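Hi everyone, thanks for coming. I have a structure to walk you through today, so let me put it on the screen and then we can go through it together.

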Amino acid sequence: MKRRNRVARLGAASLALALSVAIVEGQSAGPGRAGQAKPEPVTESAQIQQVRVALGRGQVAEARRLADTVNSSAGKDLASALVDLFEGKDDAARAKLEPLVRVNAGGDAALELGLLEMRRGQRPQAARRLDPLASVRKFGSPDDYYRLARAAEGIREYQLAADAYTETASAPRADIQASRGTMFLLRNRPGDAVEDFQKALGFDAGWIPALLGMARALADENPEGAKAAIEEATKRAPNHPDLQILLAERALGAEDIPAAIAALDKAASARAGFVEEAALRAAVAYGQKDQAALDAAIARVKAIDPMSGLGWRRAGEQAQRAYRFADAADFARRATAVDVDDPYAFFDLGESLMRIGDEKAARAALERSWNLDTSSRVAKNLLDVLDRIDTFEVVTSGDFVFKFPKDEAAVLRTYAIPLAEEARKTFAARYGFTPEGPILVEVFQKHDDFAVRTMGLAGLEGALGACFGKVVVMDSPSAREPGEFSWQATLWHELAHVYTLQMSKYRVPRWLTEGISVYEEHRRQPAWGREDALPFAAGLARGRNFGVKKLPDAFKRPESLALAYFEASLLVEHLVEINGEAGLRTLLAAYADGAKDTDAFAKAFGKSVDDVEASFKAFVEQRYAALGRALADPPARVAADDLPGLRARAAQAPGNFASQMGLGTALVKAGDYAGARAPLERAAELAPAATGAGSPRGLLAEVAERTGDFDRARRELRQLLAVDHANVVAARKLAALAGDAPGAADDRDYALRLIADLDPFDAATHVQLGRRLVAKSSWQPALVEFQAALALGPPNLAEAHTDIGEVMFRLGRKEEAKRHILIALQEAPSYARAQDVLLAILGRE
Amino acid sequence: MRRLVSVLLLLAAALGVAASASAEGNRYVVIVQGASGDPEYAKTHRAWVDALSATLRDRFRIEPSKLLVLAEQPKNEQEQRGTAENVRAVFTRLAKETKDQDLVFVMLIGHGTGDAAAAKFNLVGPDLTSEEWNSLLKPIPARIAFVDSTSSSFPFLAAIAGPNRIVITATNGYAQKYHTVFPDAFIQALLTPEADADKNGRISLLEAFTYTSALVARHYEQANRLATENAVLDDSGDGKGRLATATGDDGAIAAFTYLDAVAAPTATDPETRALQIKQQALTEQIDDLRRRKAVMAPALFEAEFEKLIVELALVSRDVRRRTSKQN
């Protein structure tokens, strides 16, 4: 379960563009190129290529017709075998191919026969046939490279295949470009894959493998683009077996088992007995918790290809989707037992083991995967991250095992461990559940390491943390600029997932586990988890909220994720209103028992989903409708510097936030601070949750500071920070304004606490905070702050050791105190405070 | 073993220099403001010159006759114009007037230009190259602390470095050719007790350099800009220098070099005065012990240090009690 922030997802936009370009180009591609309908001069190879083109477009009947028109008997057999292979008629294809191979062991027939044998588990025989094809080093055309690449892929010489494909980058062929794209996709390079699929579609807009590849490549970052590609493929070749396989995969991802079964049935009728279809039946069976069906599916895979672990792998992928990583690891292990040379199976095993926290075994599996395929970036990425994790400092506290970067451990442990312990006590009491430990928490100072640890690849810009049930991984506060996020809120959020995932036996729907985690953030700190209140209210006013039934789908679309998290937390809050925490516990238990939404809601709340939908609608209306109205578009467009126009609009629309802010902001800019106050105050009343320096409270603080009203500036900043919890700039401003001013101690303490929380690597703040705690005789908390400061390299070493020595002395830890004081005095022998503490320690005051 | 011996000998030699560097003599200051080239810079540079000279005169008690200001626009008769000719005249005077236990502190404020081949400080009129500055300094027998606070100052580090010299440049690379904020930070460092890392009530040149570097870094950090200046200090004479955040031999002499004079015991009460003298002696013993730390067995150092520091703490406490009563 990943927590996301609101970082823009540029990748999605660029990929959307890529697809639209691809399809437009494809439509306009002229005739005469290879892969087009218009026939080349009627040579035998051209005729066979026509058959391939028809198959690439999913036009099986046309392919069969064209195959029958091939001039020579040998050519006809090869063409016909290609159609047989497409339809899964492997025996028929074999019967046609074997005689051809006896005549020519180095041609296309040998390649197709070798690949067929490989798919049917006759690997030694297949390898003998494909090896010579992969050893060819004389190249006259792109076809030669393409043949080599396919042969190399067949015998799992992935690097060789990649090298061969490199030589085909400019080949004007849809089939070659689509195969290149598929290779990139398998190598986890969706961006490169999209480029090649785009090229393929440029040569032939109806090339089904390119459309399907595009859909897969765009699935995560650009779901709309993926959908468009699928629609195009469906329009052109609705019964294409590979299309049905893709639809089945997507249905499994959406937990729509009936749709997956329907798609697989269609696939099976279009292509008999192929291993992908059989393997996905294993995933379906796992999704249905049907052991007999799972066994049957595995048996079917074995019947098709006795050496294939694909059934186990697909079942494992389904287990991963369901967050059941132990099952996933078990299935992957079985896959590696069946297919001892499958790098993908070993990768799956390593990834699953990492997700259950068994990093030692994960390393072994990943190293095996890497040895089998040294071109796999995901395997290398994970191994590199494991290398870095090996350098981390391991800190154990109860059931928690923290792994921190060495240079951050001293600081992070002082903050993270007490927070985790608090979370443990809070959630254990609230949910009446003790999760299975140990709970591994890994903190990464490089975001890309976190991303690789989570998904195998760098990126995941919007994610801050992830939970796999027993493993939490997250960005360190140093991974991003201070103020970009609250790492404490992230840790709290992810630890809540530990409870909801485990308590529900990993069956909790995503909307509920995310909703609970965000809601728990809010309960821990009222400003946490409420960052999206304004966009939500604005969306509500425009009818763009999701409601109970549409919430699960909202989690599947990147563009709606942020609001989905927020709305899910509101729904959880509403559910707690209905039946208290007991209701939530019952709901989680119901999901653990395998209940569907209807039964689960009935058990937990005595209400139907429709009832909850209706009451939730009233709940959000009551809470956010007024805010939503205030956030409506202003009644008229007025230029930002047209003060008379802005005044008139603000007067006309006193309840419109944008109108009040527009005037207030313009007046601040014009230096009319007195005049700016009224519209800004009105705006603050209309949208108290507005955040940022340009918010009403931010501007009111600026106005107050500029006019010398520092008390008011502090008040405004306090109000801003009450909702803008990660605004470290405002917190620093508040601390500076508070300074040592009389009566400002509370503001100073509040600001220092917040800065230290948001930016724990700010040594000076720890020192200041520690001294405030000393002034209150809070010795132990002060020691935490001073130790954090010392770990960071404080501005003054003598003062830092003296601070620690003094507090330790107060805590009765005389020997440690003396040690620190002597270090301080070695730095600064004349330091009177240190001298006095030394005399006090020695009893010589 | 041979290698270890030679390292120890080198350390001892350096410590000898450091110890001698702490000896007190006359203190001279030369502040040179060059051509500003722009009214805004003229205003800023002049403000720095004024603040620095006032600080050194009032806080560091530099005698006015030994505080020599060469400015773009002299304000009074004591000041001279920042021309090459006047610079030559000032250093000729110092070559005659100073002795080896004296300290000459030189600070350049303004703009620097050029590169390794020909680095210059922009004077009013013709400029002097870094090599020419070095030639002018050579005849001066006193210890020299030379601070080039300008853009493109880095080549001065190698050009000026040498025995008995502390050289600080505001920049540490040829590419750092933008206007600096170093002078402002340096003046702040001389004024704030926070710069006094060893809490001895005095700010050494190393402390000033360290604090200045931190302020400059914070300046760029808060402005969310890439730092275009990183100051370096050299007092080992090799002309390589080090950043404030780095470790290395440089700094051993600057740590015990001060622009102010040691405060003489001021108490009128004989007992208090005796205590102050004892306090001063103990401080010197401890400083001497700290300088020898690198060549001592750790246990021996710690034992000696604890004995002396407890004694100093007791004496210092008594001095404070007595002086606060007297006040």
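**A walk through chains A and B**

Let's begin with chain B, whose secondary structure amounts to 9 helices and 11 strands. Please keep in mind that this is a predicted model.

How does the radius of gyration of chain B fit a compact globule? For 327 residues, a compact globule would come out near 20 Å, and chain B has 21 Å, so the two agree. Along the principal axes, the C-alpha trace of chain B spans about 60 × 55 × 45 Å. As for burial, 42% of the 327 residues of chain B count as buried. And if you take the contacts in chain B between residues at least 6 apart in sequence, 65% of them join residues at least 24 apart.

Now to the sheet. In chain B, 8 strands make an open sheet with mixed pairing, and the order is β3-β2-β1-β4-β8-β9-β10-β11. Which strands stand at the edges? They are β3, residues 80-81, and β11, residues 242-243, of chain B; each has a single partner strand, so one side of each is left without a neighbour in the sheet. Helix α3 of chain B, residues 84-97, packs on this sheet and touches β1 (27-33), β2 (67-71), β3 and β4 (103-109) of chain B. The direction of this α3 makes about 165° with that of β2(B). At the β11 end of the order, β10 of chain B, residues 232-234, runs antiparallel to β11(B), and 2 bridges join them. If you want a pair to click on, L233(B) stands opposite R242(B) in β11(B).

While we are in chain B, have a look at R61(B), in the loop between α2 (39-59) and β2 of chain B. Most residues other than glycine have a negative phi. R61(B), which is not a glycine, has a positive phi near 55°. Is R61(B) buried or exposed? It has 12 C-beta neighbours inside 10 Å, so R61(B) counts as exposed.

Next, the place where the two chains meet. The contact takes 18 residues from chain A and 19 residues from chain B. On the chain A side, α42 (814-827) and α43 (832-841) of chain A each supply at least two residues. The largest share of that side, 5 residues, comes from α43(A). By type, the chain A side divides into 11 nonpolar, 4 polar and 3 charged residues.

Let's move on within chain A, to a pair of helices. How do α27(A) and α31(A) lie relative to each other? The axes of α27, residues 533-541, and α31, residues 609-630, of chain A come within 8 Å and cross at roughly 90°. With 65 to 115 degrees as the range for roughly perpendicular, α27(A) and α31(A) therefore belong in that class. From α27(A), the contact uses F536(A), A537(A), A538(A), L540(A) and A541(A). From α31(A) come V620(A), Y624(A), A625(A), L627(A), G628(A) and R629(A). By type, the residues of this contact are 9 nonpolar, 1 polar and 1 charged.

With 13 C-beta neighbours inside 10 Å, S608(A) counts as partly exposed. Leaving aside residues up to four places away in sequence, S608(A) touches T598(A), F601(A) and A602(A).

Strands β2 (393-397) and β3 (400-404) of chain A pair in the antiparallel sense over 5 bridges. One of the pairs is V395(A) with its bridge partner F402(A) in β3(A). The hairpin has 2 residues between β2(A) and β3(A), and G398(A) in the turn has a positive phi of about 60°.

The peptide bond from G437(A) to P438(A) is cis, with omega near -10°. P438(A) sits in the loop between α23 (406-431) and β4 (439-444) of chain A. Then there is K505(A), not a glycine, with a positive phi of about 55°. K505(A) lies in the loop between α25 (487-503) and α26 (510-524) of chain A, and is partly exposed, with 17 other C-beta atoms within 10 Å.

Notes: Residues numbered from 1 in each chain as written. Chains lettered and ligands numbered in written order. Predicted model: local features only at pLDDT ≥ 70, side-chain atom pairs only at ≥ 80, totals over all residues. Helix = DSSP H or I, 4+ residues; strand = E, 2+ residues; numbered from the N terminus. Rg over C-alpha atoms; globule rule 2.2 N^0.38 Å. Buried ≥ 20, exposed ≤ 12 C-beta atoms within 10 Å, placed from the backbone. Contact = placed C-beta atoms within 7 Å. Pairing = 2+ DSSP bridges. Axes fitted to C-alpha atoms, helices over the stretch in contact; angles between N-to-C directions. Nonpolar A, V, L, I, M, F, W, Y, C, P; charged D, E, K, R; others polar. Parallel < 35°, antiparallel > 145°, perpendicular 65-115°, else oblique.
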